[in-house]
Amino acid sequence: MRKSTRAKAMTVALACVLFPASALAFEKIESREEFVEAIEGKDLKITGISVNVTPAGEIKGRAFGIRVSGEWQWRDGYFCRSLFWGRQDLGPNCQEVTIDGDTIRFTSDRGAGEYADLKMR
């Protein structure tokens, strides 16, 4: 095996370990109806955080022992929310939402920013 072929094979193998196929299975939620169907009656959880996003447009829960509250609406294919963590206003942000099984991913700044994966329980 030539060096460049070996390097390509190693790159592919590393990609499979670092980014397994399941990490690539996220599908974009395109509509409000699709989003509500996915989250209705479920809490969204990750270590230290548990929130409920209601079909009526409310966000409520706790994060690291502090109350979380806010509102959301679906706008132009994005989950747009305003959020408070205790008294701290985290401001508005429109986020891309994708889903893979019981994991929902919110990616800030219309999909261009950081993301958080939460389990739907």
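**Entry 1**

I started with Arg105, which counts as buried because its relative accessibility is 15%, under the 20% cut-off. I kept in mind from the start that this is a predicted model. Which residue pairs with Arg105 in a salt bridge? I found Asp117, with the closest N and O atoms 2.6 Å apart. This pair links distant parts of the chain, since Arg105 sits in strand 8 and Asp117 in strand 9, 12 residues apart. Asp117 is partly exposed, at 24% relative accessibility.

**Entry 1: the other salt bridges**

Next I wanted the total: how many salt bridges does the structure hold? The count is three.

I then turned to Asp102. Its side chain meets that of Lys119 in a salt bridge, at 3.4 Å from N to O. Asp102 lies in the loop between strand 7 (88-100) and strand 8 (103-107), and Lys119 in strand 9 (residues 115-120), so the bridge ties together parts 17 residues apart in sequence. I looked up how open the two residues are: Asp102 is partly exposed at 33% relative accessibility, and Lys119 is partly exposed at 33%.

Asp102 also forms a salt bridge with Arg121, at 3.2 Å from N to O. Here the loop between strand 7 and strand 8 is linked to the segment after strand 9, where Arg121 lies, 19 residues apart. Arg121 counts as exposed, with 55% relative accessibility. Through salt bridges that share partners, Asp102, Lys119 and Arg121 join into one network.

**Entry 2: the nonpolar core**

I moved on to the largest nonpolar core and found 20 residues in it. Which residues have the most contacts inside this core? They are Phe35, Leu44, Phe79 and Ile104. In soluble globular proteins, nonpolar side chains tend to be buried together.

I also checked where the core residues come from. Helix 2 gives the most, with four residues.

Phe79 got a closer look from me. Leaving aside neighbours within four places in sequence, I listed its contacts, among them Phe35, Val53, Ile59, Trp72, Trp74, Val97 and Phe106. Gln73, Asn93, Cys94 and Gln95 are also in contact with Phe79.

**Entry 3: Gly48**

My next stop was Gly48, in the loop between strand 2 (43-46) and strand 3. At 40% relative accessibility, Gly48 is partly exposed. What does Gly48 touch, not counting residues up to four places away in sequence? I noted Arg62, Ala63 and Phe64. Gly48 and Phe64 are 16 residues apart in sequence, yet their C-alpha atoms are 4.9 Å apart in space.

Last, I looked up the confidence. The chain averages a pLDDT of 87, and 80% of the residues score at least 70. Where does the pLDDT fall below 50? I found this over residues 6-22, a stretch with four contacts in the model beyond near neighbours in sequence. Where pLDDT is low, the predicted coordinates should not be read in detail.

Technical notes
Residues are numbered from 1 along each chain as its sequence is written. Side-chain values use heavy atoms; hydrogens and water are left out. A salt bridge is a side-chain nitrogen of Lys or Arg within 4 Å of a carboxyl oxygen of Asp or Glu. Helices (H or I, at least four residues) and strands (E, at least two) are DSSP runs, numbered from the N terminus. Buried means under 20% relative accessible area, exposed over 50%, partly exposed in between (1.4 Å probe, protein chains only). A nonpolar core is a set of buried Ala, Val, Leu, Ile, Met, Phe, Trp, Tyr and Cys residues joined through side-chain atoms within 4.5 Å. Contact means heavy atoms within 4.5 Å. pLDDT is the predictor's confidence in each residue, from 0 to 100.
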